Each structure stands twice: as C-alpha cells, then as structure tokens.
Amino acid sequence: MEQVTDHILAAARKVIAVHINYPSRAAQRGRTPEQPSYFLKPPSSLTLGSAGAPSVVERPDGCELLGYEGEIALIIGKPARRVGLEDAWSHVEWVTATNDLGVYDLRHADKGSNLRSKGGDGFTPIGPVLIPAAAVDPAGLRIRTWHNGELVQDDTTEELLFPFARLVADLSQLVTLEAGDIILTGTPAGASVAKPGDVVEVEVSAESTTAGGASSGISSGRLVTRVEEGSTPFAHFGARPKTDDLQREEAYGSREAAGLGAVAGPAVGHVLTAALKAKLESVCTATLSSQLRKRGLNNVSIDGLTSTRPEKRIVGLARTLRYVPNREDLFKTHGGGFNAQKRAIDSVNEGEILVMEARGEKGTGTIGDILALRAQVRGAAAIITDGGVRDFSAVGAMDMPTYYSNPHPAVLGRRHIPWDTDVTIACGGTTVQPGDIIVADSDGILVIPPALAEELADDSIIQEREETFIAEMVAQGHSVDGLYPLNAQWRTKYEAWEAGTAND
C-alpha cells in the first residue's frame with residue numbers, strides 16, 4: 001500500500017469527472033442518463049489527503065452552498081487510447097477516495113462547464129492511501145462519507161449505471177488517457193452541503209484477493225477535509241455568487257433537506273391533473289373506447305393481456321421500455337449492469353405506468369418479483385408488458401397490477417436485450433408514447449392521447465349517465481327500440497329524468 005504523494009498529484013494532466021453514475025443518485029435527481037457524460041476539473045483543484053491532519057478547503061466569501069460528494073477516484077497507470085471494455089481496467093493502476101467539492105452559488109456562471117463552481121483550488125482532495133487496482137474487483141468497492149461524524153453516504157459499485165471499465169473505454173475513444181490522469185467516478189445519494197467548521201470524511205474499501213485465493217479488507221483510509229470561511233471577496237469584474245431555491249434543493253438533495261416547503265401543483269403531473277384523473281377513474285374503458293371511436297381512433301387498445309388484479313381500475317401516465325431481440329454481442333454491452341430495464345424501473349414515479357415492448361414474445365420473462373417490487377415501492381400504478389412474467393406467484397400477489405401475456409420461468413436474456421427507455425414503442429398491437437394516458441380495467445387497456453383526454457372524459461361521463469337512464473328503463477320493461485340509442489322522444493324523457501336527479 002502506498003500513500004498519495006505530491007508526485008501523484010503533479011502527474012495528473014487531466015481530472016475528469018462523471019456527472020451521474022449511481023442508481024441512488026439518479027433516483028434522487030429524477031433523471032437517469034443513457035450514456036455517461038463528463039466535465040473537467042483543473043489539476044490545480046487537487047489537494048493532498050493525509051492520514052494525519054485534515055486538508056482545508058475554503059468556502060469562498062459570499063457563497064452559501066459548498067457541496068461535498070464522496071467519490072471513488074481512478075488513477076491511470078498506462079496510456080489508454082481506443083481500448084475495449086475487456087482491456088480497459090488494466091489501464092487503471094490505483095483506486096482511492098476523493099471529495100468532489102463545488103459551490104452551487106456559481107453554477108449560473110458556468111453554462112454547464114462546472115469550471116467556476118467545481119474548479120476552485122482545493123476543491124478535489126484525494127487520498128490518503130492508494131489501493132492497487134489489480135488487487136480489487138471494480139464491482140466490489142464500497143464508498144462511505146461522514147459529515148461531522150454522521151454516516152451520510154454508503155453505497156457500492158455493484159450496480160453502477162456505467163461500470164468503471166466502461167468509463168475508461170468510453171473516454172479513450174476520443175481522448176488519450178495518460179499515466180497519472182484521474183477519473184472521478186460519480187457520487188451516490190446523500191451528498192449535501194458543508195459549512196465553515198464542518199468536517200467531511202470519505203473512505204473507499206474493498207476485499208483484496210491474494211495470489212493464493214485468500215481475501216482481506218483493504219481501505220483508502222479516511223480522507224478528511226475541514227471547511228473554513230473564505231475572507232477574500234470576489235472582484236467586481238467577474239461573476240458573483242448567486243443562488244436560489246432550485247440550487248438549494250440540488251445542493252442539499254431535496255427540498256425537505258434544504259428546509260424548503262413543498263412545491264404546490266397537481267398531484268399527478270401537468271397533463272394528468274388530479275381532477276382529470278378522477279374523471280377517468282369514474283368511467284369504464286368500454287365507454288372511453290366508444291368515445292375514441294367517435295373521434296376516429298380505433299387502434300388505441302393494448303390487446304391480448306391478462307391482469308393480476310382485474311378488479312382494479314387504473315389511470316396513469318405512460319413510461320416506456322423497449323426490448324429488442326437478443327443478439328449475444330449486443331447483450332454484452334446493453335444487457336448487464338444498470339441496463340435499460342433497471343433504469344426504467346428505478347426511475348418510474350408515483351402514479352406512472354411502465355409499458356414494455358416485448359414484441360409479443362412469450363418465451364421468456366420481461367419482469368420478475370424483485371424489479372416489480374421496486375416499481376411498486378416507487379409508487380408505480382401498474383406494469384404492462386406484452387411478454388412473459390417470471391416469479392409469477394410473487395408478482396401476482398402484489399397490490400400493484402401487472403398486465404402480461406403469460407408466465408414464464410426464463411430470464412429476459414434468453415430472448416431480449418433491454419435497449420432503451422422513454423421512447424415510442426409498440427405494445428399489444430398499438431403504439432404507446434411516453435406521456436400518453438393509460439386507462440385499464442377488467443375490460444381492457446386503452447391508450448389515450450393527452451390532448452383529447454379532458455373532452456373524452458367529459459363526454460364519457462355524459463354517455464354513462466345516459467346509459468344509466470337506459471338501463472333503468474329496460475329494467476322497467478321498456479323495449480330497446482328507440483331507447484338504445486335514444487331517439488328524440490326518449491331523449492326528451494331522459495333530459496327530464498336528468499333534471500330530476502340533479503335536483504334530488
């Protein structure tokens with residue numbers, strides 16, 4: 001084991017940071033990237049972490065939001081240029097702890113570069129101990145952060161959005177990674193704000209495997225950083241610190257953590273308001289189908305599926321997931337890790353419905369009990385797939401409905417590759433777009449264009465009132481001739497009936 005030294009810092013020509021890489025952070029931010037994205041921090045932001053006295057970082061004068069982010073740093077050992085996934089990890093020599101510090105007060109001045117907000121002197125403490133990359137499994141690392149002695153971040157690299165080898169390989173396609181370059185690999189949920197006098201500690205740990213097969217714990221030691229208040233004001237000729245409630249929410253991780261009140265607004269989205277949702281829940285899909293047909297929309301039903309909870313009526317906004325036929329070479333790049341299936345499950349929001357395109361393929365599962373449970377915990381209204389379901393007994397016992405073609409024991413890799421999310425898909429014979437309104441009951445599943453939803457709901461309510469009257473008349477012994485549908489004579493009687501019931 002070696003200590004991080006000034007020589008290590010001096011060798012870094014580039015410090016490259018990844019924006020979002022942990023599922024917990026993506027869920028907290030409410031966005032899950034399909035591909036990694038990066039920003040640069042100047043090498044002058046690096047500062048040495050030691051096992052003794054903590055490093056000191058200034059919160060610049062006039063700034064409120066100095067954010068800390070515990071991260072794992074990779075230090076390149078040999079140049080990498082256009083390397084493949086299989087070879088990428090061999091180019092990493094060391095792993096250690098780092099703290100990706102930054103002031104949210106200057107994000108407004110960066111236009112996305114993060115130079116002013118993240119590039120300050122001392123904003124990248126690193127160390128104190130170097131862990132040999134060859135001695136650890138990159139998917140078996142643990143990252144922990146303590147703020148004033150309280151554990152606030154604790155996550156592993158087992159299910160990163162973008163495994164470390166992928167970051168190295170991806171960056172090397174365009175940029176030569178040189179010996180000494182440092183990659184900051186993203187932070188998990190729990191990052192927050194440090195104030196003057198606070199102490200932040202970061203540690204990376206892993207199991208080390210020896211040549212004889214034995215394993216033992218290995219650690220970077222705790223990287224300790226103390227925050228001090230800066231005393232030099234910003235000059236008048238540059239951008240000054242500026243913040244607002246949005247930046248406070250981003251810095252602290254949530255409005256609640258930032259001490260802000262809840263945002264007022266519809267409970268279920270801008271299109272599907274609570275009032276519209278209530279209207280759609282009050283009418284049957286059979287009625288909605290009739291109204292859609294009157295408007296020339298005949299191919300708006302998802303057909304051929306069975307519900308685990310047919311007694312339930314659900315209404316929600318569509319989120320989409322597309323599977324493509326399995327091809328073994330492509331499954332290697334898209335099937336493992338935090339793939340599109342897991343991203344979709346882990347980003348579905350309360351009241352939304354995850355709709356899957358499985359091409360009607362019944363020879364494998366597209367969802368199982370663990371991921372279905374995750375969707376239910378996140379508040380999903382339902383899952384709809386035109387493919388198979390694994391762990392059927394457990395999925396069927398959940399309160400959240402799942403609509404499916406058939407049970408099947410095989411994993412999705414037998415026939416599918418999870419390809420992309422939130423795109424236009426085909427499911428059960430119709431087209432579904434993200435943001436479409438899904439209404440389902442024991443009669444079936446309908447896809448409603450959002451622009452038509454309000455008038456469709458109003459006209460469906462009127463239609464069902466008419467049908468209530470017609471049913472009463474039939475029950476009294478009247479013929480359906482002229483009654484169903486209403487002719488002029490019966491409509492007059494209906495209008496009188498409606499006026500009477502309205503006055504009751």
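What is the relative accessible area of Arg415, and is Arg415 buried, partly exposed or exposed?

Modeller: Arg415 has a relative accessible area of 31%, so it comes out as partly exposed. The cut-offs are under 20% for buried and over 50% for exposed, with partly exposed in between, using a 1.4 Å probe and protein chains only.

A quick word on the ground rules. This is a predicted model, where local features need pLDDT of at least 70 and side-chain atom pairs pLDDT 80 or more, while totals for chains, interfaces and linings use all residues. Side-chain values use heavy atoms, with hydrogens and water left out, and residues are numbered from 1 along each chain as its sequence is written.

Now, what does Arg415 hold on to? Its side chain meets that of Glu361 in a salt bridge, 2.7 Å from N to O. Glu361 sits in the loop between β22 (353-357) and α11 (369-377), and Arg415 in the loop between β26 (406-407) and β27 (416-421), so the bridge ties together parts that are 54 residues apart in sequence. By salt bridge I mean a side-chain nitrogen of Lys or Arg within 4 Å of a carboxyl oxygen of Asp or Glu; helices (H or I, at least four residues) and strands (E, at least two) are DSSP runs, numbered from the N terminus.

That pair is one of 35 salt bridges in the structure. Take Glu178 and Lys14, whose side chains meet at 2.8 Å, N to O. Here the partners are 164 residues apart: Glu178 is in the loop between α5 (164-172) and β14 (182-184), while Lys14 is in the loop between α1 (6-10) and β2 (15-18). Glu178 is partly exposed at 23% relative accessibility, whereas Lys14, at 17%, counts as buried.

Another pair to look at is Asp100 and Lys41, with 2.7 Å from N to O. It spans 59 residues, from Lys41 in strand β3 (residues 38-41) to Asp100 in the loop between β8 (92-99) and β9 (102-103). Both partners are buried. Going back to salt bridges as a set, those that share partners join Arg25, Lys41, Glu69, Asp100 and Lys118 into one network.

Next, back to β22 and β27. Both turn up among the elements that the buried residues of helix α10 pack against, along with α2, β21 (314-325), α11 and β23 (382-385). Seven of the eight residues of α10 (residues 340-347) are buried, so the helix is largely enclosed by the rest of the structure. The buried ones are Ala340, Gln341, Arg343, Ala344, Ile345, Asp346 and Ser347.

Zoom in on Asp346, which belongs to α10 and is buried, with a relative accessible area of 11%. Apart from neighbours within four places in sequence, Asp346 is in contact (heavy atoms within 4.5 Å) with Pro23, Ala27, Phe338, Arg374 and Arg378.

As for α2 (residues 23-29), Ser24 lies in that helix. Ser24 is partly exposed, at 26% relative accessible area. Its side chain reaches the backbone nitrogen of Ala189 at 3.0 Å. Beyond four places in sequence, the contacts of Ser24 are Asp155, Pro188 and Ala189.

Strands pair when DSSP finds at least two bridges between them. Three strands make an open sheet in the order β9-β6-β15, with antiparallel pairing. β9 and β15 (192-194) are the edges, each with a single partner strand, so one side of each has no neighbour in the sheet. Strand β6 (residues 66-68) pairs with β15 over three antiparallel bridges, and Gly67 stands opposite Val193 in β15. β8, for its part, runs antiparallel to β11 and is joined to it by two bridges, with Trp94 partnered by Pro132 in β11. Strand β1 (residues 2-3) is also joined to β11 (residues 129-132) by two bridges, again antiparallel, and there Gln3 has Val129 as its bridge partner.

Definitions and conventions. Polar contact = N/O pair within 3.5 Å; in protein donor to acceptor, adjacent residues only side chain to side chain.
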